[in-house]
Number of protein chains: 2
Amino acid sequence: MGWTHANPGAPMSVTAKLADLETPALLLDCRQLQVNLQLMKDRARDLGVTLRPHAKTAKSIPILELAVDASCRITVSTLKEAEAAFAAGFSDILYAVGIAPNKLRRVLDLRRAGCDLCVVLDNVEAARAVSRAAREAELALPVMIEIDTDGHRAGIKPEAEDLIAVASALEAPAVLKGVMTHAGESYGCDAPAALQAIAELERAGAVRAAERLRAAGHACPEVSVGSTPTALSAVSLEGVTELRAGVYMFFDLVMAGIGVCATDQIALSVLTTVIGHQAGAGRLIVDAGWMAMSRDRGTAKQKQDQGYGLVQGHEDLIILDANQEHGLVGRRDGAALDLSAWPIGSLLRILPNHACATAAQYGHYDLIGLEQGPATWPRFSGW
Amino acid sequence: MGWTHANPGAPMSVTAKLADLETPALLLDCRQLQVNLQLMKDRARDLGVTLRPHAKTAKSIPILELAVDASCRITVSTLKEAEAAFAAGFSDILYAVGIAPNKLRRVLDLRRAGCDLCVVLDNVEAARAVSRAAREAELALPVMIEIDTDGHRAGIKPEAEDLIAVASALEAPAVLKGVMTHAGESYGCDAPAALQAIAELERAGAVRAAERLRAAGHACPEVSVGSTPTALSAVSLEGVTELRAGVYMFFDLVMAGIGVCATDQIALSVLTTVIGHQAGAGRLIVDAGWMAMSRDRGTAKQKQDQGYGLVQGHEDLIILDANQEHGLVGRRDGAALDLSAWPIGSLLRILPNHACATAAQYGHYDLIGLEQGPATWPRFSGW
């Protein structure tokens with residue numbers, strides 16, 4: 001990996017580093033990252049499944065390299081992620097968003113170059129388009145059928161008649177590799193029992209769909225499930241072969257609100273500077289607005305609304321409102337802050353609502369928690 | 001400019017171009033862009049002020065080149081914008097976010113290289129830090145004091161005692177260039193009379209602050225005001241020298257909700273593909289999620305909530321919900337769509353809530369509305 005850990009409890013070098021950065025900056029605590037990555041590796045091992053980490057949160061090759069298990073499988077949400085990962089040596093890649101016809105050219109270019117890229121679909125029209133494109137390119141093209149176990153967005157219900165029709169519409173050299181599902185509704189839970197129930201719904205639905213396909217004569221070797229909340233809540237993944245998740249790498253305030261992490265497990269934060277005071281209201285103006293935090297307000301519907309982010313180490317302070325390059329920091333109860341404690345130029349670290357959205361605003365991570373090693377890791381973006 | 005307009009009402013080449021694009025893609029209608037740019041040039045001329053367009057929305061050199069008037073002044077929200085613009089030949093640049101001490105090195109590097117960059121501040125500590133840094137660097141550093149005319153975020157109230165203290169804290173080679181304000185509260189209006197009133201508040205407050213500074217013996221040549229809503233609503237800008245605005249270049253659904261444009265004046269849209277159907281609910285799954293649209297929900301508090309964006313040409317269809325790479329399109333009244341009209345692979349164009357936030361998700365614009373010329377314009381991002 002090329003770097004070693006800082007001593008626990010030795011923030012000296014971190015503090016020195018922060019004072020040297022320009023703000024806003026996206027900080028990644030590499031010690032906490034490693035703890036989070038190990039947590040999910042242990043979960044997958046304990047549940048008897050292969051881990052297929054999702055690149056959509058980190059979008060960074062060094063992080064993917066640390067996240068994978070020995071199988072080196074990954075998941076992506078864009079072909080940009082797939083191309084970047086393949087260029088870095090990853091080959092077994094699941095593109096987990098329903099395939100659009102206009103993306104098949106790039107998909108087949110990757111297959112032709114030797115990337116074992118698998119696409120996802122949930123309807124007969126797409127199955128026909130994929131089969132036709134694979135035939136014309138004379139390239140094998142593995143396909144997973146997306147299963148909808150909770151009505152969240154895409155996919156076929158496990159019991160739907162269409163399921164068999166979609167599989168039957170796939171023609172060589174397109175080939176059914178398996179089924180996949182994503183229990184997106186888990187993001188609306190905040191109790192362990194509800195999370196366990198939705199994880200079981202996810203598992204049972206995906207396994208049931210695979211069984212129906214097999215009974216109809218279709219080979220369906222892979223059963224892929226996942227979301228960070230269900231991955232951390234499932235009691236059993238019997239019948240499942242692989243687990244997908246992404247946001248656990250960093251965790252965030254939404255995950256803390258759901259109850260699958262504590263705020264001190266969040267590895268990602270935004271470093272910001274106090275650039276002004278609202279003297280009357282007792283609030284701080286900082287240089288982290290929505291461009292630095294993203295517009296994500298994922299905690300707005302949770303029990304604890306964190307505004308545009310929580311000031312690390314100060315549970316009562318949040319970004320109350322955000323303009324493009326201005327954040328307004330104040331007490332969540334509306335009382336005035338003692339501004340003398342926060343002079344102009346003070347640095348704050350803000351924990352994000354949604355790590356995927358906040359990280360997407362940056363071109364690189366500034367690394368902390370390392371004794372030696374690189375100062376930054378690059379991120380990719382776009383499609 | 002190197003390109004000519006397409007014939008009005010001749011969408012043939014546009015349609016052909018759209019079918020060739022991968023989705024999601026950020027489309028910029030160059031004909032509408034030019035109309036919008038001319039609108040604000042005319043406003044500034046009619047109001048007797050210089051236009052200083054804001055780079056924060058477009059973040060693209062070719063667009064800035066079309067947007068400026070003969071004075072070639074621009075506004076930026078980040079030093080990245082300033083550096084990119086200076087490299088492209090712009091010199092008179094206002095960095096309109098309160099200066100943080102850790103950014104002064106880059107500010108002074110730009111000054112040293114010949115860029116006439118001006119910084120903004122609203123407190124004595126920052127005035128002292130700026131004066132010290134300018135003195136140490138032996139570089140003149142023009143400063144504008146930010147005035148708060150509507151309690152929106154940063155700035156000193158026009159009547160505050162501190163105003164004179166801040167100006168007095170500036171020491172050569174730092175020099176007071178003027179005052180600036182931004183009537184951010186205008187974004188909460190939707191009636192012409194209210195917009196006119198807040199524009200007058202902005203004008204009168206900035207002029208009053210300048211008069212107080214001049215009466216106290218400070219030269220204060222520039223009085224800079226602006227926001228797209230107030231720029232388009234002000235009846236008089238007497239005493240003002242320059243006007244700043246950015247989002248008018250593209251307009252967006254928030255501006256339409258405020259009432260300063262119609263939806264057919266919006267030059268920016270996101271091209272997306274139907275990748276699935278929710279058959280029971282009569283909804284479409286498209287490949288424009290929040291990564292393509294941004295998480296901005298700026299119309300949520302307006303009379304007409306546009307979800308994550310409005311389907312162009314279909315006033316009843318919006319993106320009802322969004323995941324990272326999935327959008328859920330349906331009727332705003334909740335009724336089921338006739339899905340047969342929207343087969344898999346259909347292309348939709350989505351008008352954004354907030355052009356600044358949506359455009360920030362992309363590395364370039366795909367240009368439409370041109371007979372000939374470039375296919376794309378690049379964007380920059382980060383700080």
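In chain A, 13 residues of domain 1 are in contact with 15 residues of domain 2, where contact means that the C-beta atoms, placed from the backbone, lie within 7 Å. This is a predicted model, in which local features need pLDDT of at least 70, side-chain atom pairs count only at pLDDT 80 or more, and totals for chains, interfaces and linings use all residues. Residues are numbered from 1 along each chain as its sequence is written, while chains are lettered from A and ligands numbered from 1 in the order in which they are written.

**Where domain 1 meets domain 2**

- Helix H12 (355–359) and strand E19 (376–378) of chain A each give two or more residues to the domain 1 side; helices (H or I, at least four residues) and strands (E, at least two) are DSSP runs, numbered from the N terminus.
- The largest share of that side, three residues, comes from H12(A).
- Sorted by class, the domain 1 side has eight nonpolar residues, four polar and one charged. Here Ala, Val, Leu, Ile, Met, Phe, Trp, Tyr, Cys and Pro count as nonpolar, Asp, Glu, Lys and Arg as charged, and the others, Gly among them, as polar.

**How chain A is divided**

- Domain 1 covers 4–27 + 259–378, and domain 2 covers 32–247; these bounds come from an automatic or database domain assignment.
- The C-alpha centres of the two domains of chain A lie 33 Å apart.

**Where chain A meets chain B**

- Chain A and chain B bring 46 residues each to their contact.
- Elements of chain A giving two or more residues include strand E5 (92–98), helix H6 (124–137) and H12.
- E11(A) gives the most to chain A's side, with four residues.
- That side of chain A holds 19 nonpolar, 17 polar and 10 charged residues.

Conventions
Two residues are in contact if their C-beta atoms, placed from the backbone, lie within 7 Å.
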